[in-house]
Amino acid sequence: MKKNTVLKVIRIALATMITATTVTVNVRAMDGEVFENTENNQEDTNEEVTNEEVTNEEVTNEEVTNEEVYNEAVSEAVEAETAAEESVEEAVESSAETIEAIAEGNEEAGIEAADVTDGGAVAQESVEAFVEAVESLPVEENLNEAVAELNEVTEELVKVDEADRIADESAKETVETATAAQEIANSVVNTVEETKEQANSLIDIISSEDADAEQVSEAMDKLDQITEDAKGNVEAKKATFEALSEKFEMAKRQLEGAQKVYDETVKHLKSDDSNVNKAAAKLEEAKKNVEVLSEACDNAKEDLEKEQAAVEDILAKKEISDKNKDWKTQDKLMESIISGYIIPNFIDKDATNIKYTEMLRGFDRQNSSYTVVTYLDKNNNTVKRYFNIDRTDRQFKENDQWYRLGSSREIVVYEKPEEDITSSVYQKNHFGNFSVTNQFKADVNSGKYDVYSFDYADGTNEYKCIDELKAGVENGEIELVDGVYYMNGVAARKIVQTTSGNAKGIRISTKDDAGLKSFIENASKLVEKYEKYGEIIADTQDKVEEAADKVEVLKETIDEIEDNRVRISADIVAELRNYVSEEEIERVLNAGSTKKAVEVLEGILANAKEDLDNAAAELDELIEKREEIRESLSVQEEEVLAENTADQEEVIAEIAEEAVAIEEIAEVAEVAEVTEAVETAEIEEVAEVPAVASIPVAVNNTVGQNIEGNRYDTETVAKETIAENAVDTVVATLAEIFENTVAPVETAIAAERNTVSENAAQNVVTERSNGAVSVIEQIAEQAHAVSEDMIGQILGAKRYNKYNKAFEEFTSGIVGMENNQAAFAGIGSTNNLKALAEMDTESGIKINWLWLLIIAILLITEKKVRDEHQKKVQELRAA
């Protein structure tokens with residue numbers, strides 16, 4: 001080993017120290033950059049996912065305020081519902097106005113309120129039924145209930161539309177998320193494949209027997225960098241993938257929820273118990289009720305029209321009668337009044353087929369005259385009634401039936417009881433027919449032809465003329481007591497023919513009968529009144545029917561809303577085709593339902609995760625392999641260190657001997673001679689020094705320049721060292737080399753040079769040499785530590801703190817100070833040799849001259865080593 005070994009150890013120590021302060025920082029910086037980028041990528045990914053989640057949440061909570069509806073079928077249903085609801089609301093308004101107008105009247109519209117007293121007896125029942133229908137039929141209530149049901153339909157359609165929108169968006173999001181996740185997985189797989197290819201090339205270099213320490217160190221650094229970069233990249237993308245997976249699950253859940261709402265709501269809309277069906281049912285009820293109301297109105301109006309017809313006939317007959325002023329036309333007027341007013345209002349409103357006989361003359365041809373009226377009752381039985389007329393200006397006088405019979409146009413119609421007719425017939429049968437002469441009139445007025453009736457308890461009667469009564473008294477069959485005839489204990493009752501003057505039953509005067517007058521006056525008005533009712537009821541009925549029809553249209557449009565919509569279409573999966581096989585795409589499209597399509601997407605996502613996990617596992621295996629290589633190199637380092645340990649004592653001894661020799665030379669000869677002798681001895685041994693890494697010059701503290709910095713021209717140093725004063729040249733050269741690299745070393749060299757020049761006395765050198773052995777022992781220990789750490793530096797140069805500490809210990813040994821920080825500060829502030837010399841003597845700082853000479857020797861021997869190394873590097877780069 002000898003001097004070559006000592007030189008090698010020292011050179012390795014210096015190179016390792018400087019590299020530790022530069023390359024380590026660069027590696028840490030690169031690692032920091034990768035880590036920072038990874039964090040930034042993760043933050044960006046998280047921020048993107050968060051933003052998308054926020055956006056998605058805003059869509060889920062957004063109220064349906066868009067004018068356009070998302071689903072076309074739902075849009076048509078919404079339009080139909082709106083039309084139906086508006087129609088029903090119009091029907092509600094119409095029905096309310098109609099009922100109010102009928103029940104309370106509407107002066108502005110010219111409608112009078114309905115009243116149960118409207119019309120005569122013919123219309124009375126139907127009018128009462130109509131008024132009751134108006135008050136009781138819940139038409140408006142039915143329609144309002146229909147509106148309420150349609151409001152529910154509106155809410156359901158809005159719910160369907162929103163659910164449909166969200167389901168489609170969520171379905172699209174599941175595809176987009178699966179696509180993005182697949183892209184991430186593919187990217188991870190590609191990254192790992194590329195990293196493996198690069199790593200394999202670097203591993204080939206590291207494992208090559210031809211690679212030197214620098215190549216191995218560089219390859220290991222690059223292997224560290226690409227694997228760590230890949231690891232950071234993969235971890236970031238795994239985080240992104242996980243975020244996308246969560247986003248997929250969220251979209252899936254949202255899709256499932258929206259689809260469930262959609263399906264359930266559509267199902268209910270189409271069910272028998274749906275609100276639209278309930279609305280339709282309410283409208284049917286309203287239609288029926290309006291129909292009932294309309295029929296009631298029609299019935300009342302029909303009866304009123306009958307009365308109106310009767311009035312019109314009476315008025316027509318009255319006009320003729322007034323014009324002719326004869327009994328015949330007045331008889332016709334009587335018949336009209338009997339048919340149109342008396343029978344319907346006082347006898348039988350259901351009477352039909354009313355017929356009249358000619359005016360029949362009774363026995364006296366005056367008061368006993370009558371007309372026979374026959375009709376069919378509601379049971380289709382023939383009913384017979386008897387009527388007669390007088391003129392309203394007739395005057396009556398006792399015992400004078402023909403007294404002032406009158407001549408007015410107005411008549412009195414009155415009903416004659418049946419006994420008037422039967423008694424007259426009895427008279428005629430008993431006395432026979434007489435011509436109406438004055439004598440006959442006188443005989444009638446005198447009572448000569450009077451007729452009596454015996455009314456028995458069993459309801460029967462028996463007629464007797466006056467002559468028969470007198471004959472009975474004579475023969476004893478009849479008793480006369482106080483002017484009263486008795487037969488069989490029953491008193492006789494004189495029959496007096498009914499006239500308008502003594503009529504006890506129906507008596508109607510065309511002149512002053514209030515009922516007839518009201519009947520005639522109101523008939524036309526009532527018909528007109530009920531015609532208006534019919535019109536507004538018909539309008540309401542039309543609106544109700546229109547609303548019902550529109551609800552039916554609504555039902556049809558609801559039936560068109562699609563059940564179980566398949567939401568994942570070819571357009572949505574177009575982007576996914578770039579990442580998965582066409583077979584997978586077909587499976588998605590042919591799933592048959594959205595749920596099954598999402599299940600296929602889940603499978604694709606699961607496969608993507610498996611690919612990603614496998615790629616990540618391969619990267620982990622690569623990193624494990626890297627660590628195995630590092631461990632293998634560490635074993636080799638230990639072997640080298642074990643070999644060097646055996647020679648350390650010899651190295652220390654040799655260095656000590658050299659120090660003693662140098663000290664003796666310094667005492668005897670001039671500094672120049674000593675330097676020349678040393679240089680000559682060292683130059684001879686250059687060939688034996690193995691190739692080591694060159695010492696980089698740190699122009700500044702930037703990472704790039706520390707790694708790729710310029711090398712010092714050792715050849716120039718050697719030439720100048722031979723040609724000039726040895727000590728001055730060596731010291732100046734050392735100062736120039738270390739000027740920007742290690743301040744304490746630079747300062748120490750400059751200080752030592754000044755001290756030698758100004759203090760040539762032998763005692764200074766002798767004093768410095770006293771500590772030479774101990775200093776060299778420290779340097780040897782540092783060389784051992786540096787040698788041990790150098791392999792670690794080759795494996796990555798990341799032990800920043802340890803190397804910093806080693807460097808401080810090394811520089812402390814150079815200057816020989818326990819308090820190295822004080823030494824650095826003191827030496828660094830010295831600007832000239834004189835000041836340094838003064839500091840040496842005044843401040844107590846000890847400078848090792850011996851160490852400066854050792855460094856000079858190393859610089860001189862660098863030339864050949866550097867040339868050989870650079871030549872090999874150039875060959876490798878050229879290859």
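This is a predicted model: local features need pLDDT of at least 70, side-chain atom pairs count only at pLDDT 80 or more; totals for chains, interfaces and linings use all residues.
Tyr356 sits across from Val373 in strand E2. Residues are numbered from 1 along each chain as its sequence is written, and side-chain values use heavy atoms, with hydrogens and water left out.

A word on terms before going on. Helices (H or I, at least four residues) and strands (E, at least two) are DSSP runs numbered from the N terminus, and two strands pair if DSSP finds at least two bridges between them. Strands of a sheet pair through backbone hydrogen bonds, either parallel or antiparallel.

E1 and E2 are part of an open sheet of five strands, ordered E1-E2-E3-E4-E10, with antiparallel pairing. Its edges are strand E1 (352–356) and strand E10 (507–509), each of which pairs on one side only. From one strand to the next, the twist averages 25°.

## The other sheet, E5 to E9

Another open sheet of five strands goes E6-E5-E9-E8-E7, again with antiparallel pairing. Here E6 and strand E7 (479–481) are at the edges with a single partner strand each, so one side of each has no neighbour in the sheet. The twist in this sheet averages 35° from one strand to the next.

Walking through the pairs, strand E5 (residues 451–455) and strand E6 (residues 461–465) run antiparallel and are joined by five bridges. Asp455 stands opposite Asn461 in E6. The E5–E6 hairpin has five residues between the strands, and Gly459 takes a positive phi near 95° there. On to strand E9 (residues 490–494): three bridges join it to E5, and the two run antiparallel. Ser453 faces Arg493 of E9 in this pairing.

E8 and E9 are joined by two bridges, in the antiparallel sense, and Met487 has Val490 in E9 as its bridge partner. These two strands make a hairpin with two residues between them, and Asn488 in the turn has a positive phi of about 55°. Finally, E7 and strand E8 (residues 484–487) pair antiparallel over three bridges, with Glu479 opposite Tyr486 in E8.

## How the helices pack

Two packed helices are described by the angle between their axes and the distance between the axes. Axes here are lines fitted to C-alpha atoms, for helices over the stretch in contact, and angles run from 0 to 180 degrees between N-to-C directions. Angles under 35 degrees count as roughly parallel, over 145 as roughly antiparallel, 65 to 115 as roughly perpendicular and the rest as oblique. A crossing is left-handed if the near helix is turned anticlockwise from the far one by less than a right angle, and right-handed if clockwise.

Helix H11 (residues 514–559) packs with helix H2 (residues 72–104) at about 160°, their axes 8 Å apart, so H2 and H11 are roughly antiparallel. The H2–H11 crossing is left-handed. By class, their contact has 18 nonpolar, six polar and seven charged residues (Ala, Val, Leu, Ile, Met, Phe, Trp, Tyr, Cys and Pro count as nonpolar, Asp, Glu, Lys and Arg as charged, and the others, Gly among them, as polar).

H11 also meets helix H7 (residues 327–347): their axes come within 11 Å and cross at roughly 110°, which makes H7 roughly perpendicular to H11. This crossing of H7 and H11 is right-handed. Elsewhere, the axes of helix H4 (residues 139–207) and helix H6 (residues 275–324) come within 8 Å and cross at roughly 165°. H4 and H6 are therefore roughly antiparallel, and their crossing is left-handed.

## The second largest pocket

The second largest pocket has a volume of about 610 Å³. A pocket is an open set of points, on a 1 Å grid over the protein atoms alone, where a 1.4 Å probe fits, with protein on both sides within 12 Å along at least five of seven lines; lining residues have an atom within 4 Å of a point. Grid points are joined across faces, edges and corners, and a volume is the space filled by probe spheres set on the points.

Its lining counts 25 residues, and Asn367, Gln401, Lys494, Val496 and Gln497 lie nearest the centre. Helix H9 (residues 438–446) gives the most to that lining, with three residues. By class, the lining has seven nonpolar, 11 polar and seven charged residues.
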